[in-house]
Amino acid sequence: MSWGTELWDQFDNLEKHTQWGIDVLEKYIKFVKERTEIEINYAKQLRNLSKKYQPKKNSKEEDEYKYSSCQAFLATLNEMNDYAGQHEVVSENMTSQITAELARYVQELKQERKMHFHDGRKAQQHIETCWKQLESSKRRFERDCKEADRAQQYFEKMDADINVTKADVEKARQQAQLRHQMAEESKAEYSSTLQRFNHEQHDHYHTHIPNIFQKIQEMEERRIIRIGESMKTFAEVDRQVIPIIGKCLDEITKAAESIDQKHDSKLVVEAFKSGFEPPGDVDFEDFTQPIKRTVSDSSLTNSKDGKPESRFSSKSKGKLWPFIKKNKLSLKLGGGPEDFSNLPPEQRRKKLQQKVDELNRDIQKEMDQRDALTKMKDVYIKNPQMGDAASVDLKLAELAQNLEKLRLEAQKFEGWLAEVEGRLPARTEPARRQSGMYEPQNTLTVNNCAQDRESPDGSYTEEPSQESEVKVPAPEFDDEFDDEEPLPTIGTCKALYTFEGQNEGTISVSEGETLFVIEEDKGDGWTRIRRNEDEEGYVPTSYVEVFLEKNAKGAMTYI
């Protein structure tokens, strides 16, 4: 069906319709443009969301991502970042393949439409001109016929009048003939103009206008096809990223399936394991039997006021884990000692291992720099024009000093680490009572750094130069045993570790040595022992394995 034949008289309506078609195309372009802006904003929001929940470097959050659930969450964040990238791809492809192409096509369409309707108006004006010429020729022919008729009537009137001269009659006859001739010429011109108009009109309505309208129809159909193709591209652009988006979602699912609750539980154990054994049974103290404890208690009295005082405040008695609060206080007020002696054994071992690994990495880094500078120096020696070899010596000397410091530091921490690993209790040993004072892990360290801070109650104080020092006053042991009545032996003990008794009231023991127990641990973490008649004093309960004679069930062990 052709517009040229069916719509030959709808020029104005076709002009409005084609303009509406261009408006529809521009509306679709605007729609796609807004869609691309939504995709860009959505991708930006997704990226910001992913960035917001990414772990911050060198922060506590970064340590949390060792757990499989946190690693799965991190993988989800990374995949969401890739997911956002696909929305950016959608926006870019729609802009380049649809918006830009259609905008260029609209300009071309407007130019083509303008040209076609210009040709249509030109043809319309031409046929109107032909019609005007026809009307003018027709009116002239009509006028000439009327004037010829009047001239003929005048001649006949003059010829009939006997009073008119023959000359006047002849003149009237000639005038009538002239008018008749002019009418014939007008008739011929009108006939010719009419034939020409009919030919032009036939060409106009059967050739020119159909051709123009046919071109307009083809233009409009191309517009419809183009908008349909753009809609297909619109869907195809989305379809192209579906496999990648699906892969992102598959990776998120895979990350979720990789979560291992058992592994996370194991990491919690590794993170917070103290290395202590659970406390054993508490001895029954029978106060109905007279036990000579008053003399023992009086050995810890204050000689100035004569009032008996326990070696520790009454609040510390009966608590199995008083070191926990001390450690918390130390962590709140400052970083703690260099050898991490304020931590439980297992945590201390981990911290020392991390420090050793860190120092080894620093040493390797310094060695790499030294090797690089050495090679550079060799190049300068072989090619003096490239640089001065002496300029590298200062840096090499500085690196050598740094290496020496790092090696000494590493040796120091390796010594502490070896000590901790050698003194950690085996898991197969029977459960022993925890004294709560944490001496086995806090004493006898390399360079005696821990012993320098140890007081008889097992607490530790930092050097005076440190701002965050935590000082716990050491109890004063009364070492005047000769003035007291000798205490009876209540059992024996075996030294598990070597203890250097440097404070007043303490006694040094060697690992494996067997001694006599004259006063058991009262919950303060110290046991009073005797080597011979002249040597007795206090040692940490956790350093000895005690066998009490009064325990009928067998040996009771404290760790």
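This is a predicted model: local features need pLDDT of at least 70, side-chain atom pairs count only at pLDDT 80 or more; totals for chains, interfaces and linings use all residues.
Trainee: How many helices and strands does the protein have, and what percentage of its residues is buried?
Mentor: The protein has ten helices and five strands. Its residues number 559. The buried ones make up 37%.

Trainee: Among contacts with a separation of 6 or more, what percentage comes from residues 24 or more positions apart?
Mentor: The count takes in contacts in the protein with a separation of 6 or more. Within that set, residues 24 or more positions apart account for 72%.

Trainee: Which element gives the largest share of the largest nonpolar core?
Mentor: The largest nonpolar core has 31 residues, and those touching the most other members are Leu25, Tyr28, Met94, Ile98, Phe213 and Ile216. Two or more residues of this core come from each of H2, helix H4 (68-160) and helix H5 (166-257). The largest share, eleven residues, comes from H4.

Trainee: Which residues does Ile98 contact, apart from its neighbours within four places in sequence?
Mentor: Ile98 is one of the core residues that touch the most other members. With its neighbours within four places in sequence set aside, the contacts of Ile98 are Tyr28, Val32, Asn93, Ser230, Thr233 and Phe234.

Trainee: Is Ala151 buried or exposed?
Mentor: Ala151 lies in helix H4. Leaving aside neighbours within four places in sequence, Ala151 is in contact with Ala172, Gln175, Ala176 and Arg179. The relative accessibility of Ala151 is 11%, so the residue counts as buried.

Trainee: What distance separates the C-alpha atoms of Ala151 and Ala172?
Mentor: Ala172 is among the contacts of Ala151. Along the chain the two residues are 21 residues apart. Their C-alpha atoms are separated by 7.3 Å.

Trainee: Which side chain of opposite charge is nearest to Glu200?
Mentor: Glu200 is found in helix H5, and beyond its neighbours within four places in sequence it is in contact with His126, Ile127 and Cys130. Glu200 is buried yet has no salt bridge. A salt bridge needs a side-chain nitrogen of Lys or Arg within 4 Å of a carboxyl oxygen. The nearest side chain of opposite charge is 6.5 Å away and belongs to Arg196.

Trainee: How many salt bridges does the structure hold, and which residues are linked in a network of them?
Mentor: The structure holds 24 salt bridges. A network of them links Glu519, Lys522, Arg528, Arg530 and Glu536.

Trainee: How far apart are the closest N and O atoms of Glu519 and Arg528?
Mentor: Both Glu519 and Arg528 are buried. For Arg528 the relative accessibility is 1%. In the salt bridge between Glu519 and Arg528, the closest N and O atoms are 3.6 Å apart.

Trainee: What is the N to O distance in the salt bridge of Glu536 and Arg530?
Mentor: Glu536 has a relative accessible area of 14%, so it is buried. Arg530 counts as buried because its relative accessibility is 13%. Glu536 also meets Arg528 in a salt bridge, at 3.1 Å. For Glu536 and Arg530 the N to O distance is 2.9 Å.

Trainee: What separation do the C-alpha atoms of Val546 and Thr527 have?
Mentor: Val546 is placed in strand E5 (residues 544-548). At 2% relative accessibility, Val546 counts as buried. Thr527 is 19 residues from Val546 along the chain. The C-alpha atoms of the pair are separated by 9.0 Å.

Trainee: Which residues form a nonpolar patch on the surface with about 280 Å² of accessible area together?
Mentor: One member, Tyr53, is found in the loop between helix H2 (11-52) and helix H3 (60-64). Tyr53 has 40% relative accessibility and therefore counts as partly exposed. The patch, with about 280 Å² of accessible area together, is formed by Leu49, Tyr53 and Phe73.

Key
Residues are numbered from 1 along each chain as its sequence is written. Side-chain values use heavy atoms; hydrogens and water are left out. Patches are made of residues with over 30% relative accessible area and no salt bridge: like charges are joined within 9 Å, nonpolar side chains (Val, Leu, Ile, Met, Phe, Trp, Tyr) within 5 Å. Accessible areas come from the Shrake-Rupley method with a 1.4 Å probe; for residues, only the protein chains shown count as cover. Helices (H or I, at least four residues) and strands (E, at least two) are DSSP runs, numbered from the N terminus. Buried means under 20% relative accessible area, exposed over 50%, partly exposed in between (1.4 Å probe, protein chains only). Contact means heavy atoms within 4.5 Å. A nonpolar core is a set of buried Ala, Val, Leu, Ile, Met, Phe, Trp, Tyr and Cys residues joined through side-chain atoms within 4.5 Å. Lys and Arg count as positive and Asp and Glu as negative; His and the chain ends are not counted.
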